[in-house]
Amino acid sequence: MIDENAGGRVVVVGAGPTGLLLAGDLAEAGVPVTLVERRHAGRSNLSRALVVHATTLEAFDARGIADDLIAKGAPVQALRLFDTAVVDVSELPTPYPYLLVVPQYETEAVLQARLDRLGVVTRHETEVVGLRQDADGVALTVRDADGTREERAAYVVGTDGHDSSIRRLLGVEFPGHTVVASVMLVDAVLADPPSLRIATNTDGDKFAFVAPFKDGYHRIIAWDQSHPKAESEPVDLDEVRAVLHATLGTDFGMGEPRWSSRFHSDERQAEHYRAGRVFLAGDAAHTHSPAGGQGMNTGLLDAANLSWKLAAVLRGRAGDALLDTYESERYPVGTAVIKGSGRLLRAAQIKATPARKLRNLAMHFALQRPLVNRRIGFALSGLWVRYAAPAGAHELTGHRAGDVPLTGSPSRLFEALRGGGFVLLAPTELHEPAAEAGVRTAVPADGGPVRLIRPDGYIAWAADTPGAEEVALAIRASGA
């Protein structure tokens, strides 16, 4: 166990989904972690994020909490884009070939329950108002109900949203611009919901997206850029109905909402994800349009990437250079998500009627091709992500491992990954080097190359016919 008084503590600032996952991973790895949140305690039923994608569900599975979240959500295997164009994700190579529509507060509740089991207490109504760092750690000036004081930590992670105080205190720039204003969110019961469950369409100025929650309510996202309103103005339900009629031909019998809100959407990315001993993750590092529903998912996978690296360094299993790979791996992902959601948004904002008709027709026929449908499904779900591998590495290095079937118990990789730590997939005669290093082992039922799987489910190293010494060297080099 790490001695907290010796500077082994990590402070996570921001108790949204990204911060909750990160704090849970650190606690599970035996790292002392403090989670602080400037909001007051108590569950909110307000929710912007509503889609959990396959790669996020895989990450939840590796933590033993996927079933808890799935029980709260509505799986959707197809969504309608631009009139009659349909994206079908039911054939994706994952145990979770669907979009899970679930309110963000339910995702947070599942992550919070995990933290509760691990004994991590969130310090609410606590704000970081100052930050300085030196070679040994980070000094935070913290303000709460008891006053203002200074605390130290080995590392700090800002997961405190697009208005991140940690990013501001670091002086890290957040360049970008607003891409759509006056976005209306409404949760309401629909008397006649869409047949394809998720429906979306646009006429250029107007845009609508409709998706079901498990409890009978639907989330409606709508905007009318020809008549933008200030975010402080309440949502006008007649305005929402008019957008639905203009884009989808009906208001689906929308009833009175249980919640509504306005917001704007930016495309921004922090210039750096790391500044010394301080890191940025989630919306503190990148924001983009809601197109594709990838914001929360990208942040959660930021956390999964960073958590095991912090644990490896703090436990003396890896040097500081490992922490640089957080930015080198996740920054390109954030850039790609911003570009991809931006392309979807700009396609939705085409105003000229002939161009919209051409777009709709082209998308309809393109998505009837399995290869195109699969490629878009990969882009939405995050299954496309591959991290750079060293020169000369095996072709599988850096790839997502997937849920590899195993002989014996556990019977699959995601179960073997639970509790954190690396897993070596190899014949039994190569298990000894891993056992000596404290790395879990399993025999893959699919045969194939020997693979060393990182705690975030990616392949750290692979070889076709390695010897025991080569396996031992790979384990030492990985930070396992």
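**The sheet and its surroundings**

A: In this predicted model, 3 strands make up an open sheet, ordered E9-E10-E11, with antiparallel pairing. Strand E9 (127-133) and strand E11 (147-153) are the edge strands, each pairing on one side only. From one strand to the next, the twist averages 20°. Strands of a sheet pair through backbone hydrogen bonds, either parallel or antiparallel. Here, strand E10 (residues 138-144) joins E11 in the antiparallel sense over 7 bridges. Val138 has Ala153 in E11 as its bridge partner.

Salt bridges come next. A network of them links Arg9, Arg123, Asp144, Arg149 and Glu151. The structure holds 32 salt bridges. One of them joins the side chains of Arg114 and Asp25, at 2.8 Å from N to O. That pair links distant parts of the chain: Arg114 belongs to helix H4 (residues 104-118) and Asp25 to helix H1 (residues 17-28), 89 residues apart. Arg114 and Asp25 are both buried.

Asp61 and Arg418 also meet through their side chains in a salt bridge, at 2.6 Å from N to O. Asp61 lies in helix H2 (residues 54-61) and Arg418 in the loop between H11 and strand E21 (423-425), so this pair ties together parts 357 residues apart in sequence. Asp61 has a relative accessible area of 2%, so it is buried. Arg418, at 34% relative accessibility, counts as partly exposed.

Arg39 and Glu37 form another salt bridge, with their closest N and O atoms 3.0 Å apart. Arg39 is partly exposed, at 45% relative accessibility. Glu37 is buried, with a relative accessible area of 7%.

Now the rings. The whole structure has 8 aromatic pairs. Among them is the edge-to-face pair of Tyr96 and Tyr98, 6.3 Å centre to centre with 85° between the planes. Both Tyr96 and Tyr98 are buried. Tyr155 and Phe279 form a tilted pair, 6.2 Å centre to centre with 50° between the planes. This pair links distant parts of the chain: Tyr155 is in strand E12 (residues 155-158), Phe279 in strand E19 (residues 278-280), and they are 124 residues apart. Tyr155 is buried, at 5% relative accessible area. Phe279 is buried too, at 0%.

Elsewhere, Arg258 lies over the face of Tyr217, at 4.0 Å from the ring centre.

Last, the backbone. Most residues other than glycine have a negative phi, and most peptide bonds are trans. Some sites here depart from that pattern. Ser182 has a positive phi, near 55°. Ser182 sits in strand E13 (residues 176-190). Its relative accessible area is 3%, so Ser182 is buried. Phe252 has a positive phi of about 60°. Phe252 is placed in the loop between helix H6 (237-248) and strand E17 (254-269). Phe252 is buried, with a relative accessible area of 8%. The peptide bond from Ser409 to Pro410 is cis, its omega near 0°. Pro410 is in the loop between helix H10 (370-381) and helix H11 (413-416).

Technical notes:
Residues numbered from 1 in each chain as written. Predicted model: local features only at pLDDT ≥ 70, side-chain atom pairs only at ≥ 80, totals over all residues. Heavy atoms only, no water. Pairing = 2+ DSSP bridges. Helix = DSSP H or I, 4+ residues; strand = E, 2+ residues; numbered from the N terminus. Axes fitted to C-alpha atoms, helices over the stretch in contact; angles between N-to-C directions. Buried < 20%, exposed > 50% of the residue type's maximum accessible area, 1.4 Å probe, protein only. Phe/Tyr/Trp six-rings, centres within 6.5 Å; stacked < 30°, edge-to-face > 60°. Lys NZ or Arg CZ within 6 Å of the ring centre and 35° of its normal. Salt bridge = Lys/Arg side-chain N within 4 Å of Asp/Glu carboxyl O.
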